[in-house]
Amino acid sequence: MASSPNKSVIWEFVTKDAVDEKWVHCSLQTHNDCKKPISRGGNDKRNYSTTIIMRHLKKHHHVELKKAQEKQEKERENRAKKVKTVNTYLMPKKAKVDSMSASCYSLDSPSTSFSSTASTIPLCDSDTFARDANFFKQQSYEDSVSIKWKNDDIRSKEIDFKIGEMIAMDNQPYSLVEDKGFQRLIYSLKPKYDFKSRSHFTRVIIPKIYASAVKSIKNMINEVSFMSLTTDFWSVSAGGDQFLSLTGHCVFKDFKQQAIVLNIKPFKERHTAPNITSMIETMVEFYIPPHKIHSIVHDNAANMTLGIEATKYDSLSCFIHTSQLALQECIFNQRVVNDIIAKCKNLHSHFSKSYLATDRLGQIQKDLGHTQLVLLNDSATRWDSTYLMVERAIKLKEDLLLYLSRYESECDVNFHSYEWGLMEKISSLLQIFYLMTKHMSERYANSGDIIPHVMIAKDYVTDELTRSRLTGLNTTLTSLKESFDTRFSKYLNDMNCIIATYLDPRHKDLFDNEDYGSIRSTANIELALIEKYLKYAKEKDNREKETEVADQAAANEDDPDDAPEVEADNDFGGFKHKKVDVLEWYHARLYADKANPA
């Protein structure tokens with residue numbers, strides 16, 4: 001009997017073990033290896049494969065294997081011809097097999113009624129047609145589901161890539177494709193899809209998706225003129241492994257902003273500045289020309305700062321990280337503030353460790369008609385968590401007071417009336433930094449927003465010190481004011497931040513501020529902006545000149561006899577450099593007029 005056209009030919013040469021199906025035995029028994037059982041690739045049925053068996057047949061029985069493959073291929077071709085023939089001609093619905101005993105069918109036969117443009121049906125006898133009569137029946141739903149798509153089917157490949165994208169984008173484990181619930185979901189949507197093993201996704205699908213993503217990112221980098229980078233260390237809580245990430249931020253010509261994770265690598269060396277410098281320079285796997293790197297944003301750690309500065313690129317410390325460092329440093333500089341924050345932490349610990357206490361507080365909130373909320377805790381690694389903890393405690397003030405009065409003996413935390421008032425003042429002070437962090441964490445925040453936030457926060461702290469509305473927090477306010485002169489002064493003097501703020505129409509009135517005007521006048525900013533543009537223009541001219549020289553050198557190597565004479569001191573006719581000189585003269589005169597008005 002001929003083998004099924006969809007069944008592998010190896011089963012003509014091997015038989016399954018009667019005891020354990022993970023082994024098969026060669027039926028030919030012509031070599032010593034044929035007497036040994038052959039593994040199917042694993043203990044789990046889902047991992048069975050024919051690779052090892054095929055390797056055995058190719059090594060010892062390649063002649064028999066080749067004949068069987070050729071025979072199977074012929075059977076597939078014959079079957080395909082029959083299917084094509086039946087689908088080409090429309091058979092009569094009420095035709096009986098017994099009436100087809102004639103040696104030939106003609107379209108002129110009165111017993112048939114065809115709507116085909118063909119003249120005759122190929123010769124067939126009644127036995128042949130009876131054997132293939134199932135081709136004329138409508139396929140049932142069960143039959144359509146039982147016949148799975150082949151792996152090279154375009155519909156199967158599309159689903160494979162969609163599953164691979166889900167694994168990559170949602171950070172799902174590869175074992176997801178073998179989960180019963182996932183397979184039931186896919187089966188209900190596409191019953192004809194043949195499930196692949198996790199190794200198919202790790203070896204085939206994900207590498208293809210990665211290669212496609214790399215190509216897309218390289219095209220993005222070629223399209224943009226400049227790109228800023230952000231980098232930071234990340235740690236895994238489970239194993240404590242350290243990673244260094246590098247993310248690119250750019251704006252396209254249609255003003256669409258895009259953030260791209262360029263690389264992330266394990267950092268197993270000591271976190272010294274030279275090691276950080278070396279890692280940053282080797283991490284740019286997608287080659288970014290140096291002239292396109294606008295700035296690198298990093299945290300305030302001394303080793304990171306020195307490591308980034310050694311790369312010779314413009315750098316900027318993270319504004320949010322700076323503000324949080326200043327806040328943590330100043331707010332814990334006053335003992336009364338520390339005591340209140342410690343009480344809030346202890347109160348949260350009381351409810352988190354006792355289900356009964358949490359249930360009692362929830363019942364009190366229900367009786368008072370309040371929304372059932374829980375206390376929040378402070379976290380050293382979570383920005384603004386101190387503000388959120390204090391703000392939530394104030395919101396639950398009435399509920400907490402009632403709880404503490406009822407169960408005073410079970411809770412050793414208690415707030416005095418003046419402490420509630422001081423807590424509200426702490427919340428008011430922390431709120432300004434919370435709003436700054438929230439705004440600067442938005443997608444469209446940029447370096448042009450840093451200086452306005454510094455000025456607003458500085459004015460707020462100065463105003464509170466003058467009016468004495470936050471009595472009891474004078475030490476904290478004084479420390480914050482000093483921080484603006486130390487930690488935040490670098491932003492007020494950073495030319496990239498100044499130019500970005502100056503070009504933002506939302507902040508044009510900021511430069512009328514006398515305090516800020518003493519640092520950078522409008523004329524100075526315009527002159528710095530022109531200098532930056534001229535520097536970029538000259539670098540662009542140099543790159544074009546180097547490219548032209550390289551192209552000319554390559555052409556000379558191909559045909560040295562036709563090489564033109566190179567004029568000495570060629571500056572492209574002097575046109576571009578004369579244009580630069582005119583701009584320099586014009587803006588220098590403009591600056592002189594603004595600096596010394598008549």
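Predicted model: local features only at pLDDT ≥ 70, side-chain atom pairs only at ≥ 80, totals over all residues.

In soluble globular proteins, nonpolar side chains tend to be buried together. Here the largest nonpolar core holds 58 residues, and another core, of 22 residues, lies apart from it.

**Nonpolar cores**

- Within the largest core, the residues that touch the most other members are Phe 319, Leu 347, Phe 351, Leu 400, Met 423, Ile 426 and Ile 450.
- Helix α15, which spans residues 417-440, supplies the largest share of this core, namely ten residues.
- When neighbours within four places in sequence are left aside, Leu 400 is in contact with Leu 347, Phe 351, Leu 361, Leu 375, Ala 393 and Trp 420.
- The separate core of 22 residues includes Leu 229, Leu 246, Leu 262 and Met 304.

**Packing of helices α11 and α13**

- Two packed helices are described by the angle between their axes and the distance between the axes.
- For helix α11 (residues 335-352) and helix α13 (residues 385-395), the angle is about 75° and the axes are 10 Å apart.
- Because angles of 65 to 115 degrees count as roughly perpendicular, α11 and α13 are described as roughly perpendicular to each other.
- Helix α11 contributes Ile 341, Cys 344 and Lys 345 to the contact, while α13 contributes Thr 386, Met 389 and Ala 393.
- By residue type, the contact of α11 with α13 divides into four nonpolar residues, one polar and one charged.

**Aromatic pairs**

- The count of aromatic pairs in the model comes to ten.
- One of the aromatic pairs joins Phe 319 and Phe 488 in an edge-to-face arrangement, with 6.0 Å from centre to centre and 65° between the planes.
- This pair links distant parts of the chain, since Phe 319 belongs to helix α10 (residues 319-331) and Phe 488 to the loop between α17 (474-486) and α18 (489-492), 169 residues apart.
- Phe 319 has a relative accessible area of 5% and Phe 488 one of 1%; because buried means under 20%, Phe 319 counts as buried, and Phe 488 likewise counts as buried.
- The rings of Phe 488 and Tyr 491 have centres 6.4 Å apart and planes at 45°, so this pair is tilted, and both of these residues are buried.
- Ring pairs join Phe 319, Phe 484, Phe 488 and Tyr 491 into a cluster, and Phe 319 is also among the residues that touch the most other members of the largest nonpolar core.

How values were computed:
Residues numbered from 1 in each chain as written. Heavy atoms only, no water. Core = buried A, V, L, I, M, F, W, Y, C linked by side-chain atoms within 4.5 Å. Buried < 20%, exposed > 50% of the residue type's maximum accessible area, 1.4 Å probe, protein only. Helix = DSSP H or I, 4+ residues; strand = E, 2+ residues; numbered from the N terminus. Contact = heavy atoms within 4.5 Å. Axes fitted to C-alpha atoms, helices over the stretch in contact; angles between N-to-C directions. Parallel < 35°, antiparallel > 145°, perpendicular 65-115°, else oblique. Nonpolar A, V, L, I, M, F, W, Y, C, P; charged D, E, K, R; others polar. Phe/Tyr/Trp six-rings, centres within 6.5 Å; stacked < 30°, edge-to-face > 60°.
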